[in-house]
Amino acid sequence: MAAATTRIRAAVVGTGGIVSGSHLPALRALADRVDLVAGVDVDEGRLEAFRAQAAEPGEAGPGFTVTGYTDLSAMLEAERPDLVLIGTPPSLHREQTVAALRAGAWVLCEKPLCLTLAEYDEIAAAEAAEKPDGGPYASVVFQHRYGSGAVHARELLSSGELGKPLVAHCQTTWYRNTDYYAVPWRGRWDSEGGGPSMGHGIHQMDLLLHLLGDWSEIRGMAGRLVHDVESEDVSTALVRFAGGAMATVVNSVVSPDEVSRIRVDCADATVELTHLYGHTNDDWAYTPAPHAADDADRVARWRTPAADLPSSHKAQLAVVLDAMRDGVRPPGSGPDARRTMEFIAALYKSAFTGQPVHAGEIAPGDPYYDAMHGNHPDWAPAPSAKEQ
């Protein structure tokens, strides 16, 4: 990014619901720092609708004059954007992220950043090949980390203010009907990368790791209980963290009463987050242990801060823009985000093999490094007619 650039020049790839509904409002809200100059979509009608939407000022900020492209390479060559925001189906993420990095652009990509650990390491190699220090870097959208409530909770946990973390629970119990899975790329390993573990619970699991740090061991289960899909529609896991805490994880798309929840029981307090698709300060609760309840000053420090920044694409985009300004790696990228990808791969490996999996175990040569299904006969996609 040129030092003389007053505002960062951004482009979006994929102009469907997540980009128009979440990324565009975030860009408008930060229009004093970033200008949306281009959009890419293979569907020309959708692209034109997005360009018209972007041109109209919104409640959050001004309109943008967006040049439309149906080809990513053509856009990168013509526009040379500083930042590329990717909101396409997951199977395209790795190729598009690498192309943007090679063009010198930073990337903020919807989850999952890619489909496998092997693909993640391809992206890391592309980062290093372009410029080892100072970017460009590729971040994955993990917006739940960035609300003020999550920032506050992480500070309390990492400082020891709540006592040693002991027991945790991470729950993403959502509901998706058969119409949801009628979209061709959903529920398939080669296009979505997995089921609710990869496409839904990834946000809460990432936040759990963000709060508690490195995991050391996982024991998982997975099932197809309702939906006729390649991947799972329910997964569960028992997790041991490097610091000694133990946790349960539940991911589901068959749960009519939908909720997203994280609870961490520490030696001196319980911290709990209950929400659905995003949180504010009011969604966090702190309950002191009996021996700590009378320390009013200490309990007062636990209360969420007066300033309330909801978890959102805007909150994360602001952090990415700060990192670009400073030439540093943003959170939600590199080894930080790889830990979450490795966690999901390990959940699948444990669920499908029936064996515990330890951190660092899945490396090149392991079948779960190259595919989340690990070519397990009960879970891998059936071979096509050409492959038989």
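Which helix does Leu317 lie in? I looked this up before anything else. Leu317 lies in helix α10, residues 313-326. Helices here are DSSP runs of H or I with at least four residues, strands are runs of E with at least two, and both are numbered from the N terminus.

**Ground rules**

I noted that this is a predicted model, in which local features need pLDDT of at least 70 and side-chain atom pairs count only at pLDDT 80 or more, while totals for chains, interfaces and linings use all residues. Residues are numbered from 1 along each chain as its sequence is written, and side-chain values use heavy atoms, with hydrogens and water left out.

**Leu317**

I checked the burial of Leu317 and found it buried, with a relative accessible area of 1%. Buried means under 20% relative accessible area, exposed means over 50%, and partly exposed is in between (1.4 Å probe, protein chains only). I then listed its contacts, leaving aside neighbours within four places in sequence: Ala26, Leu27, Leu30, Leu83, Leu85 and Leu108. Contact means heavy atoms within 4.5 Å. I also took the separation of the C-alpha atoms of Leu317 and Phe343, which is 24 Å for 26 residues along the chain.

**The sheet**

I traced an open sheet of six strands in the order β3-β2-β1-β4-β5-β6, with parallel pairing. Its edge strands are β3 and β6 (138-140), each of which pairs on one side only. Neighbouring strands in this sheet are turned by 25 degrees against each other on average, with direction ignored. Two strands count as paired if DSSP finds at least two bridges between them. As background, strands of a sheet pair through backbone hydrogen bonds, either parallel or antiparallel.

I went through the pairs. Strand β1 (residues 8-13) pairs with β2 in the parallel sense over six bridges, and Val13 has Val40 of β2 as its bridge partner. β2 is joined to strand β3 (residues 67-69) by three bridges, again parallel. There, Ala38 has Thr67 of β3 as its bridge partner. Strand β4 (residues 83-86) runs parallel to strand β5 (residues 106-109), with four bridges between them.

Why is β2 described as largely enclosed by the rest of the structure? Six of the seven residues of β2 (residues 34-40) are buried, so the strand is largely enclosed.

**Crossovers and helix α4**

β1, helix α1 (residues 17-29) and β2 make a right-handed one, and β2, helix α2 (residues 44-55) and β3 make another that is right-handed. Right-handed means that, with the strands pointing away from the viewer, the path from the first strand over the helix to the second runs clockwise.

Helix α4 (residues 93-102) lies across β1, β4, β5 and β6 and runs at about 160 degrees to β5. Axes are lines fitted to C-alpha atoms, for helices over the stretch in contact, and angles run from 0 to 180 degrees between N-to-C directions. In α4 I found His93, Gln96, Thr97, Val98, Ala100 and Leu101 buried. Gly104 follows α4 and has a positive phi, near 90 degrees.

**Helices α6 and α8**

I looked at how α6 (residues 148-159) packs on α8 (residues 202-212): the angle is about 40 degrees and the axes are 8 Å apart. Ala150, Ala153, Arg154 and Leu157 of α6 meet Leu207, His210 and Leu211 of α8.

I found a cis peptide bond from Lys111 to Pro112, with omega near -15 degrees. Pro112 lies in the loop between β5 and α5 (117-130). The bond from Gly135 to Pro136 is also cis, with omega near 10 degrees, and Pro136 lies in the loop between α5 and β6.

Arg80 is not a glycine, yet it has a positive phi of about 50 degrees; it lies in the loop between α3 (72-79) and β4.

**Record check**

I looked up the unreviewed UniProt entry, which lists residues 8-129 as "domain: Gfo/Idh/MocA-like oxidoreductase N-terminal". UniProt positions are given in the numbering used here, feature names are shortened, and annotations may be inferred rather than shown by experiment. Residues 8-129 are 46% helix and 20% strand, with end C-alpha atoms 23 Å apart.
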